[in-house]
Structures are given as structure tokens and as C-alpha cells.
Amino acid sequence: MDMRDIQVFRAVMRAGTTSKAAALLNVSQPAISQSIRKLEASSELRLFERTRGRLVPTQEALALIVEVDRCFAGFEMIEHRIRSLRSFGLGRLAIASFPALGIGFMPRAIAAFGLAERRVQMSFQIMSSREVYQQVSAGQLDFGLMADELAVSGLEHSQFMSVPGVIVMNDRHPLAGKPLVTADDLLEHPFIALNPEDASRRRLEQELIQQGKVLRPILETPYSNSVCEFALRGVGMGMVHPILALDYVTRGLRLKPMEVAAHFTALLVFRPGVPMSENAKELLRVMRIQMESDMNALRQVLYQKPGAF
């Protein structure tokens, strides 16, 4: 199996047609078709159906492209690392975070860190917890932040933060004036839930089951920011990561504490046996200061006093 044929397969899947793939790779269209036939012959798989002169991906092709993309992502990260080392030497940080802390919190922390003053170049990516784990394991990140829904075997890790989830709703919701959301409230009003594999959702459901209650969401979505967007538009209320929810307060989102405790926990992960650079240590220090600042802001929003959360 030739790597060039796999590259052609990926180009066809991404471009949609052989002519566009040929332009992308700067080769002829017959060369594209020949590579696809070679790959099908060597793999003994039918990857495309030929329909009116077009290649339509089969289910086998759709399954294969997932692994191909994962492989090429690794190569692209290596190329990016080489270019960065050539341009910036070791004065560089590569960090990633799962969305709940990556969307609002990490930009605030990185701004406070002061890249220009420190003459540090940074790569910061927002990705799923599984991708954070994979990238740290592969040595492509200095450290990462991920949710605690996955095992972190093979990596050094510590708890970065753990905080109860909050309920979000718009200011027209029937519970908008209520200071505390009860377990019964969660069942009596339309509820937007994080996906079933989310650790915080599982904790919420376990707490409700112990009270003989079953959560029946009208909508499931993978990210807290999606829950916030739906809540703003009146679809329902939902439980989200409170640090992310802070960024929606100025848009009119209401944040409410819950009677039921369901925590969101973030893990800091890094490779064992690899000393952390001074820049990485300093960024972590700034992140912890920023987290304390965000927690104080959250207490003010929820309780109008600093020490209750």
C-alpha cells in the first residue's frame, strides 16, 4: 500500500471530485483515478461507487478516512513543530484544552500571561478531551486540560479545578426569579442536557436516581456553550460548566445554583519524565490565579457575595 495513494484518497474525500483533488495535488485527473484504483486493489476494498462519472464514497471509505485523517493530523503537527522550532527555538509553548475551559478561561489566562513581553510563541488549540489525551501522549503538547470522563493512564495528571455545575436559562424563563433550582424543577421544565458520556451529566443523573427521579431531556448536545446558546433562545434550561457560563452573563443568561450537586472536574495532564519548562510553569501559575479570579466573579453572579461557592 503506497502512502501517495492514501494521500490521493484523502484529497478526493476532502475535495469531493477527482478534478478538484487533481488541482489540489497539482497532478492530472487520470493520475488521481489510477491511484484510487491501485488503493482499492491493494486494500481489497471498494472505496467508491462510480455514478455518472463521479466517485461516491462507500461506507468503507467513510470509515477509513477517520483513521487517515488521524494519521495525517500527526504529520501536520510534526511539520508545525519543526517550523516553530526553526523560527522560535524553545521559546514556545504548545497547549490544548477541552472546550469548557478553552473558550473563555484560557484566553483570559493567556492574555494575563503576556506572550509579547515574555517573547514566547504559543500554539493553543481547543479540542475534545480524547484529543487532548492523545496529543499529550504523543509528546505534541507541553500540557493539556481535559475533563475527567476518560482514563488518563500513562500520563501524569492532577486536578486543576472541580466546581458544581450551574443551571442556565434566559431572563424570560419561569424560574428566572428563583434563587435555587431544585431536583423537581429539573423534571418539570424542558431540560437541555450534555451528551450521555459527559461525566457531569452522569453525576447529575445518579443524584436524581437516588431520589427516585429520572432526567428526560428534550435536547442533547456535547458542549456547555451549546447549552448556553440554546438556553438564551428559550429552548429550555440546562446544566453547564460555570466558568464557561460566565461569558454569557453579559448577553442576558441567568445562572442559578442547584440543590443537586453535580461537579465539573478538569484535569491537568502532561507526559511523565519530561521536565516542564519555566514558561510552562509560569503559565500554570497564571492560570491558577485566573481561575481564582473567575471563581470570585462566579460567586458574585450567583450569590452577590464572595465566599458562598
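The structure is a predicted model, in which local features need pLDDT of at least 70, side-chain atom pairs count only at pLDDT 80 or more, and totals for chains, interfaces and linings use all residues. Residues are numbered from 1 along each chain as its sequence is written, and side-chain values use heavy atoms, with hydrogens and water left out. The chain has 13 helices and 12 strands, where helices (H or I, at least four residues) and strands (E, at least two) are DSSP runs numbered from the N terminus.

**Overall build**

- The C-alpha trace of the chain spans about 70 × 50 × 35 Å along its principal axes.
- Of the 309 residues of the chain, 45% count as buried, a term that stands for under 20% relative accessible area, with exposed meaning over 50% and partly exposed the range in between (1.4 Å probe, protein chains only).
- Among the contacts in the chain with a separation of 6 or more, 71% are accounted for by residues 24 or more positions apart, a contact being heavy atoms within 4.5 Å.

**Enclosed and open space**

- Rolling a probe the size of a water molecule over the atoms shows where empty space is left.
- On a 1 Å grid over the protein atoms alone, a cavity is a set of points where a 1.4 Å probe fits but cannot get out, whereas a pocket is an open set with protein on both sides within 12 Å along at least five of seven lines, and lining residues have an atom within 4 Å of a point.
- Grid points are joined across faces, edges and corners, and a volume is the space filled by probe spheres set on the points.
- The count comes to 1 cavity of 30 Å³ or more, and the largest cavity has a volume of about 30 Å³.
- The lining of the largest cavity is made up of Phe191, Ile192, Ala193, Leu194, Arg201, Leu204 and Met239; the elements that give two or more residues to this lining are β8 (191-194) and α10 (199-210), and β8 gives the most, with 4 residues.
- By class, the lining of the largest cavity has 6 nonpolar, no polar and 1 charged residues, where Ala, Val, Leu, Ile, Met, Phe, Trp, Tyr, Cys and Pro count as nonpolar, Asp, Glu, Lys and Arg as charged, and the others, Gly among them, as polar.
- The largest pocket holds about 470 Å³ of space, and of the 27 residues that line the largest pocket, the closest to its centre are Ser129, Ala147, Glu149, Asp198 and Pro222.
- At least two residues of the lining of the largest pocket come from each of α5 (99-102), α8 (129-137), α10, α11 (224-232) and β12 (263-270), with the largest share, 4 residues, supplied by α10.
- The lining of the largest pocket divides into 12 nonpolar, 8 polar and 7 charged residues.

**Helix α3 and the residue after it**

- Helix α3 (residues 29-43) has 15 residues and reaches 21 Å from its first C-alpha to its last, close to the 21 Å expected at 1.5 Å a residue, the expected span being 1.5 Å times one less than the number of residues.
- The buried residues of α3 are Ile32, Ser35, Ile36, Leu39 and Glu40.
- Seen down the axis of α3, these buried residues fall within an arc of 135°, so they line one face of the helix, the arc being that of the directions from the helix axis to the C-beta atoms.
- The buried residues of α3 pack against α1 (3-15), α2 (18-25) and β1 (48-51), while the face turned away from the buried side carries the exposed residues Pro30 and Ala41.
- Ser33 lies in helix α3 and is partly exposed, with a relative accessible area of 23%.
- Ser33 and Ala193 are 160 residues apart in sequence and 46 Å apart in space, C-alpha to C-alpha.
- Glu44, found in the loop between α3 and β1, has a phi near 60°, a positive value in a residue other than glycine, and is exposed, with a relative accessible area of 72%.

**Helix α8 and the residue after it**

- In α8, the residues Ser129, Val132, Gln135 and Val136 are buried.
- Seen down the axis of α8, its buried residues fall within an arc of 125°, so they line one face of the helix.
- Just after α8, Gly139 takes a positive phi of about 80°.

**Two further loop residues**

- Lys213, in the loop between α10 and β9 (219-221), is buried, with a relative accessible area of 18%.
- Not counting residues up to four places away in sequence, Lys213 touches Ala183, Asp184, Leu187 and Leu208.
- Arg119, in the loop between α7 (115-118) and β4 (121-126), is exposed, with a relative accessible area of 75%, and its phi is near 55°, a positive value in a residue other than glycine.
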